[in-house]
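Trainee: I'd like to learn how to read a protein model. Could you walk me through one?

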Amino acid sequence: MKIVFMGTPDFAKESLEALYNAKYEILAVVTNPDRPKGRGMKMIASPVKEFALEKGIKIYQPEKVRNNEEFISEIKALKPDVICVVAYGKILPKEILEIPSKGCINVHGSLLPKYRGAAPIQWAVLNGDKKTGVTTMYMDVGMDTGDMILKQETQIGEDETTGELWDRLSKIGGKLLVETLKQIEEGTAPREKQGEEFTMAPMLNKEMSKICLTFLFLYDIIIALLSISLVFAVLIFILCPLDTPEKPLNDKEYKYFRKISWIILSLIIVAIIVSFIFKFNVVFAPCCASLILEGVLIGTGKIKKVYNEKRASSPA
């Protein structure tokens, strides 16, 4: 099977490498032009171009693919069976989609139709999804709207970052692309239309990276409430031995003790509720532990008070 590969970042490079290792005939690679990066604004090649140079594969780097008759003519002249597109960065016109005899195949980093668009992996992490995956599909003129071929699902780790998930999905995508092409060659590849319900995953922008200081302020409040509660709980635990049969706490002292205890208990409950609502998992467990400790202290204080009163009123 003769292939033209279109892609740019390291996510795409994994698929290109998988095709190369599977011994497919890669006629050419199409990638974005070199871009200046870093403080010195040095021209940097894309990971896909670097791999193509290393393996001696023909490279195209058009600034645009729409209304670029020269480029389209050159791709037609290659007569590819399939064009594989992985994170290329440009929407392909109908003229290119119609070139390969077996169609244009795209590797997309989500379980379509969820997260159509340029940043499916980022949005999956941003939204706290528990699972995601990779989908291969036949491309059409829409944005990730083509018929689906194969899917592979994977769980997202609780603390997994976008970068870590990106690396994992890139490897899954490479293997899934090879399997997809194998089934296309054998004539066994499924073709499933996407449903009407879908979500979009547009590119992230700088405005979205702003830190919510209110959120951090709430976090600080929870930590402060938890710290104060623990300090008072320890102090009460230390003061409890003062309540003895020989010198029991009087009603005023006992009421003060109970009042402070219930205030602490209320603070801990508030901390638990807020930490649960805002998913402060780091402080949720300590809050629950504090609640149990304070409950024990209040209960112990009450039992001790009753016991001491009985001891004091009983005849010697």
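Mentor: Glu98 is exposed, with a relative accessible area of 54%; exposed means over 50%, buried under 20%, and partly exposed in between (1.4 Å probe, protein chains only). Before we go on: this is a predicted model, where local features need pLDDT of at least 70, side-chain atom pairs count only at pLDDT 80 or more, and totals for chains, interfaces and linings use all residues. Residues are numbered from 1 along each chain as its sequence is written, and side-chain values use heavy atoms, with hydrogens and water left out.

Trainee: Which side chain does Glu98 meet in a salt bridge?

Mentor: The general idea is that side chains of opposite charge can pair when their charged atoms come close. The rule here asks for a side-chain nitrogen of Lys or Arg within 4 Å of a carboxyl oxygen of Asp or Glu. Glu98 pairs with Lys94 at 3.8 Å, N to O, and Lys94 is exposed too, at 51%.

Trainee: How many salt bridges are there by this rule?

Mentor: The count comes to 11. One of them joins Lys171 and Glu14 at 3.9 Å. Lys171 sits in helix α6 and Glu14 in helix α1 (residues 10-21), so this pair ties together parts that are 157 residues apart in sequence. Helices here are DSSP runs of H or I with at least four residues, strands are runs of E with at least two, and both are numbered from the N terminus. Lys171 is partly exposed at 46%, and Glu14 is partly exposed at 22%.

Trainee: Which residues are linked in a network of salt bridges?

Mentor: Asp147, Arg191 and Lys193 are.

Trainee: Now the inside. Which residues touch the most other members of the largest nonpolar core?

Mentor: In soluble globular proteins, nonpolar side chains tend to be buried together. A nonpolar core is a set of buried Ala, Val, Leu, Ile, Met, Phe, Trp, Tyr and Cys residues joined through side-chain atoms within 4.5 Å. The largest one has 37 residues, and Phe5, Leu19, Val29, Cys84, Ile105 and Leu181 touch the most other members. Helix α6 gives the most to this core, with 7 residues. A second, separate core of 18 residues includes Ala28, Val30, Tyr88 and Leu97.

Trainee: Are Tyr115 and Asn67 buried or exposed?

Mentor: Tyr115 is buried, at 6%, whereas Asn67 counts as exposed, at 69%.
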